[in-house]
Each structure stands twice: as structure tokens, then as C-alpha cells.
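Here is a short report on a protein model. Look at the structure first, then read on.

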2 protein chains.
Amino acid sequence: MIDSRISEKDKKFLRIALNLARRNVGLTGKNPSVGCIITYGDIILGRGNTQFNGRPHAEVMAIKQASEHFLYKKNKRKIKNINVYITLEPCAHETTSPSCAKEIIKFGANRVIYLKTDPDNRTNGKGKYLMEEAGIECFEAKIYEPENADVLKGYLKQKKTGLPYVTLKIGSSLNGKIATKSGESKWITNSLCRKRVQLLRSENDGILIGKNSVIIDNPRLNLRDEFEVIGNKPVFILDTNFKLSSIEGLTLFDKLERERIYIITSKKPKNMSIKSSCFLKGVNIKNVKSDLGFLNIKEVLKIVSKMGVNRLMVEGGASVWTSFLKTGYFDEIVMFTGSKIINDSALSCFNDFLPPDTRLGDFPNLTLTSLQNWKDDIEARWEVRS
Amino acid sequence: MIDSRISEKDKKFLRIALNLARRNVGLTGKNPSVGCIITYGDIILGRGNTQFNGRPHAEVMAIKQASEHFLYKKNKRKIKNINVYITLEPCAHETTSPSCAKEIIKFGANRVIYLKTDPDNRTNGKGKYLMEEAGIECFEAKIYEPENADVLKGYLKQKKTGLPYVTLKIGSSLNGKIATKSGESKWITNSLCRKRVQLLRSENDGILIGKNSVIIDNPRLNLRDEFEVIGNKPVFILDTNFKLSSIEGLTLFDKLERERIYIITSKKPKNMSIKSSCFLKGVNIKNVKSDLGFLNIKEVLKIVSKMGVNRLMVEGGASVWTSFLKTGYFDEIVMFTGSKIINDSALSCFNDFLPPDTRLGDFPNLTLTSLQNWKDDIEARWEVRS
């Protein structure tokens, strides 16, 4: 359907706003990553995107830049045809920062186009209402929907369900194995894939991993190289029986800030000796009920969500991925397939998750959303679609 | 390295010759699929490629067409600047058909460019020699090497080793499984992939399959739909203990011509009762030694080769693929990965093939040569490179 209110120029500026939004995915905390462009005719007066941890908002950044533009300063409030392009409806509410809708009115826009109405109850059409009341032409453009949904998916999932968007990140051999029988997994995939994992970590708000992977692989789970400046993400470790309380010398406790580590367990520490013990000092301990030795995944995700994580990447291992697969609490699989073939008795990426007599047609089907190679290795992205 | 003898126009015509060669891959029997273009200035006088089962050769087809061209007929032998572009050195020998080198001389070419010297002992530079002796400028152009090698790979492998080029064709779930625990495999991959398999069968000279797959999946293994006109390929069934001698009603014995079916077994039929039995009548039985229950793969490939097969597609199942993997007698894997996730205890594409304590670095590494998706399924091609 063609919306006659949207010109080719509008589309171009909305695309630029979308590209700006894309840049800060994973960096804006609980807030969505939004992009904003303010134009006067063909001229861009200001650009902005949501800043680190969510403040200032994109609109405030763009308005700040536009206000300094010599054309605006010279003709202040006299120039007409000011368009504002945003990837999400500007917020109506004022809590820790000014209402973006009101800031846009104050700046003096003539027309505001945004890609999506904000599902947040405090806005959800109220931003539009405020601007229209002030005489600004204002509407939602139904374009770039899949691209914007990809940028906003953590935020939208959170608003809809109260749970984060969950990506299972798997690295396997050509035949679906994640490690040799003895547990050797360095490296199943090549260095380009591992660099990609750094980027994926930066785009997610948190990382989840099982205690077996922590113990066997002893990973760092930090952001490295050019990603180091971003700072580490919170790491959630599933450890039903709190085995980590008795294992010293794990690398991630050195590489990550203690307050960013969460051990989720069904065991209640009997006394404070664990908290004050040297090697777990400062690490957060969270309790969740377990069933047959597996933590309740929904409860785990509620805790993750409460820590401000809208996008969660699950880095393994097999029993953790299988828990998510079994309960259905995942949205996407990113599969890195290396070019090695390994013995079949090596470790698989998933365990059994449905009864042995399940018919082929009753196993889950995913939707392929992207495919590319990194030299001899493959990165495939599969989404759960209902 | 730039070869100053080759112009942009030469490259264009060589590319057309290569495209013609590509078309008949899998249809030319023991002969390589070759393409040939004859030009006069910018005008193509004749096009040809190797015909069904290898005769006539591409050059003969192109010469026949060029001889009928009105420009050639009108000015016969008076026109100069006739270029001949071929993907392989023209043959020097005369056995069942005329020597292409001599035919080109007779036609009256001025310049002959070919992409590759023929490794066949009867030619191997002799075609060039004959033409140069006749005053024709003649040389090998070192361009389009990977593309032409892909067209010629069965022929080149055969000439070099006496064995066919072997492609393992695997269809698996997202997690590397080829069937549920109960053996259900219809369908792990989607209909587009299955159509691709028809194309792959048409591009190969023969199909190899294990008796378990024949019994459990009961496949047709014929060429269907638009590929039907090509005719079926010879099918080689590995059946160490000749189990098929006691199983009636298998579909492929109805769908394929009996003389195109080869059962390769280590058992010697004690009397002729098998040959004359109703349901195996007319099927070829070949004997190969077995070791610990597995047929000697090199001996199997020698038989396949003797039947004129330069390109062999191995359609499974797991124990057959593993035999090729273990012995190293394969050149390529074409992996179709479906979008389903299946229980881990389902059937894997490979069994163990190296000792359990093998280090990760000692497992084989392949080279990815092509990658594409068919809707939600992936087709990846991996080559063995030494």
C-alpha cells in the first residue's frame, strides 16, 4: 500500500534515521535505540540517536544539534518546513528527562513522521496527540517495518511480554557438534566468526551461560579489542546446584566486574560465607525454583529482564540451549557452522527435547532470516515465527 | 598475470563457450563436456557443445553449424580472421570420430584459443601441435580456470587418478540429523531442495547408495519432471551381505532400468538362482572384498569408474557417507540444511570416523565453495582441498 503523504525525500530521511538507530543497538539499556533527523528542505539541521544507557533521547540530541545550525540560529522560529523524522513515536511523558514531543513543539517543527507508535503506555499515541494539538502534522509511516522491528525487537518483546528477546548463539562443526568428546572446542569456528560474536555481544544487553560451559570452556565473556570501550555486559550464569561456589580460578571472575555477574541457582546460600568468600565476593546470587534439576526458564528470564536486559544472548552449552528449546522461551538462533567434520559421539548442540516417538512433522520449524559466510564458515540466523 | 594475446572480445567468446560446456555437464558420459564457438570478426558462425554420451564433440557441432552459415558458404575459404574458442584442447586422435584438430584445420581457422590442455595422453599438446603445423596460431588461455575446472572436474579426476569425482549429498535438519529415531526422513528439507537434488542427479554420471537407505527410505532414484527426458543414471547399491537378494517390492527396481542397477557385494552368489529370480532379474551384481563388514571403497570406485562414471553422487546413508569420509575417497560435500530442529538421538549424517581421543585440530577441514538458501533451507558446498 502506498501512503501518498510520504515522498521519496521523506523515505530517504527516514532511512537515515533508521541507520542512526541501528548504530546504538545494545547500548541504550532498557530504552529502545531510536534515530532522529531534523530537516529544513533538503538540508539536515540535526541528527541524533539514543545515547548510552538510554539518555538523552534521539530527539533531544537532534534538536540540540539543529538549534546550533546557523540557518536555524539566524532565522530562529521564522523558518517554515521543518520536518522531523524519527524511528519511534516521541515520548509524551516527563520522568528523568523532558518529553520529546514537547521538545519538538518547542523547537518549532511543522511535520513529524515516525516509523512506529511507541507501545509504552505512557506514550502510545499521546506523543502524537500532543504534537497535533500544537498544530503539527504528525503521522506514522508504515515503511521499513522489518528493519525497524529488528532494531527494536528487544524493546518490543519486553513491552509485549515482560521478557527479553532471546537469541541462542551456537558455534558448531559442519555436522552440528560443539566440542569433541573430551570437551575441546577451541576452535570449532574461525576467527572471523569469533569477531562476529564480539559484535553480537555488543548488540545484546546481556549474556546467559550455563555453569558447565563456564567450568569446561572457562570463557572470558568480556568485550574485547575495538568493542572494549563499550564496557562489559551483565552475565547470567545458570547453576542449579551452585557448583560455582566451590570452584576457584575461573577467568570470567577476573575479566568482568563482579556486580555484573549473576549466578542463578535453586540453592539458597545457608549463610553469608559464600557472599564473603574471596572468589565470589561481590557477585550477585539470585534464586529460582528448579524442576528435575532444571531452573525454571521463565523465572530466569524475569530476573534477566528486571536487570534492564531487553536482548539476551544465550551462549550455551547444550543443556542450556535445550532448556530454552524445550520451553519455547527463545526467539532466534544464530548458528555459526565451521568447516570441520567431527566424530558423531562428540558433543551436540542440542539434547533430546521431545518424546522419542515424536513424528518428523511435529518438530519445530524455524524461518531463515539471514545467511552469509565468513571465509569457510557459515553464519545463519533463524527466527521463531508463530 | 595478464596475457596480452587475449583481448576482451576473446574473453567474451570464451565465456560463451564455457556456458555452452556447462549446459551438458553430466550428460556426456566418459567424455568431458566441452563448449566451442567459431567467430568471424564479431559474428558467431557456429556454436557447439559435446553431445549426449560424448559424441559428436563440441568442435564438430560448431563446425557443422558454421559451415552452413551464409557468410562462410558465400566466401568459402576466402574469409580470414576465423577464430575458434574451445574450453579444452581439441583432440588429436581419431578413433570413433574424426580428430577435432584436423577438422578445425580443414574448416580453415586462423586462430584457436582453448582454456585447458587435454590431459588425455592421445592429445595432451598434440592437438596444438597439429594445428600449429598447419599454420594456425594456437594457445591455451589461462582464464576462467575455477569455472572450467568445475565443469571438467569428473573428467580431470578420472584422468589423474582413474577414479570418479565423488560428491556426498546430504540432507539434514538444522542440527545435523538426517532422520528421526524411527527413520522418518520425509521431509527433512523442503521441496526446492528436493528439486535441486534432481538437478544434481542430472549433473552426475551415477548415483551410489547404501542398502539400508534403499530398504528404509525406499527411494525412486530416477530423474523426474523436467529431468525425465535425460534418462536415468546408473545406480550403485552397496550391499556387503547381499541383503537385497531377499527383499521384494522395492520401488527403484520398478522405476529404473534393471541393466542400470549395480549391486556391489562381498558375497558371491552361490548359484544362478539370484540372477534368474524374478525381482532382481537383469540387475548387475559386482563383487568387492569387504573388511570388518565394510566394502573396500577404492575397489567400489574402480567398478563405478569402469562403468563410465566420472562424477558420482553418494546419496547416503550415514554409514556409507562415513565410509567415504573415513577412507578419504571423496571430493566434495553438498549439504542441504533444513529449518527443523530434531531430537539429538535421531540419526546423524556421519558416524564416528576417527579414534575417540582425536584432537580437534586433527579432524578434517573443508573449503566452502558455494552458499545459498532455498527459502528457509540452506545449500552449502564444501570441497576437500589438500
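## Overall build

Of the 386 residues in chain A of this predicted model, 46% count as buried. A residue is buried if 20 or more other C-beta atoms lie within 10 Å of its own, exposed if 12 or fewer, and partly exposed in between, with C-beta atoms placed from the backbone. This is a predicted model, in which local features need pLDDT of at least 70 and side-chain atom pairs count only at pLDDT 80 or more, while totals for chains, interfaces and linings use all residues. Residues are numbered from 1 along each chain as its sequence is written, and chains are lettered from A and ligands numbered from 1 in the order in which they are written.

Chain A holds 12 helices and 18 strands. Helices (H or I, at least four residues) and strands (E, at least two) are DSSP runs, numbered from the N terminus. The C-alpha atoms of chain A fill a box of roughly 70 × 50 × 40 Å along the principal axes. A compact globule with 386 residues would have a radius of gyration near 21 Å; chain A has 24 Å, which agrees. That radius is taken over C-alpha atoms, and the globule rule is 2.2 Å times the number of residues to the power 0.38.

Contacts tell us about the fold too. Two residues are in contact if their C-beta atoms, placed from the backbone, lie within 7 Å. Among the contacts in chain A with a separation of 6 or more, 73% are between residues 24 or more positions apart.

## Helix pairs

Start with H2 (residues 58-68) and H4 (residues 100-107) of chain A. Their axes come within 10 Å and cross at roughly 20°. Therefore H2(A) is roughly parallel to H4(A). Axes are lines fitted to C-alpha atoms, for helices over the stretch in contact, and angles run from 0 to 180 degrees between N-to-C directions. Angles under 35 degrees count as roughly parallel, over 145 as roughly antiparallel, 65 to 115 as roughly perpendicular and the rest as oblique.

The crossing of H2(A) and H4(A) is left-handed. A crossing is left-handed if the near helix is turned anticlockwise from the far one by less than a right angle, and right-handed if clockwise. H2(A) brings Glu59(A), Val60(A), Ile63(A) and Ala66(A) to the contact, and H4(A) brings Cys100(A), Glu103(A), Ile104(A) and Phe107(A). By class, these residues are six nonpolar, no polar and two charged. Ala, Val, Leu, Ile, Met, Phe, Trp, Tyr, Cys and Pro count as nonpolar, Asp, Glu, Lys and Arg as charged, and the others, Gly among them, as polar.

H4(A) also packs with H5 (residues 126-133) of chain A: the axes come within 9 Å and cross at roughly 20°. H4(A) passes H5(A) in a right-handed crossing. Ala101(A), Lys102(A), Ile104(A) and Ile105(A) of H4(A) meet Gly127(A), Leu130(A) and Met131(A) of H5(A).

## Where two chains meet

How many residues does each chain put into the contact? Chain A gives 39 residues and chain B gives 39 residues. Strands S17 (367-374) and S18 (377-383) of chain A each supply at least two residues of the side that touches chain B. S17(A) gives the most, with four residues. By class, the side of chain A that touches chain B has 19 nonpolar, 13 polar and seven charged residues.

Most residues other than glycine have a negative phi, and most peptide bonds are trans.

| Site | Feature | Value |
|---|---|---|
| Arg55(A) to Pro56(A) | cis peptide bond | omega near -15° |
| Gly316(A) and Gly317(A) | cis peptide bond | omega about 0° |
| Asn218(A) | positive phi | about 45° |
| Asp225(A) | positive phi | near 55° |

Where do these sites sit? Pro56(A) lies in the loop between strand S2 (43-49) and H2 of chain A. Gly317(A) is in the loop between strand S14 (311-314) and helix H12 (318-327) of chain A. Asn218(A) is in the loop between helix H8 (211-217) and strand S9 (235-238) of chain A. Asp225(A) lies in the loop between H8 and S9 of chain A.

Asn218(A) is exposed, with 12 other C-beta atoms within 10 Å. Asp225(A) is exposed, with 8 other C-beta atoms within 10 Å.
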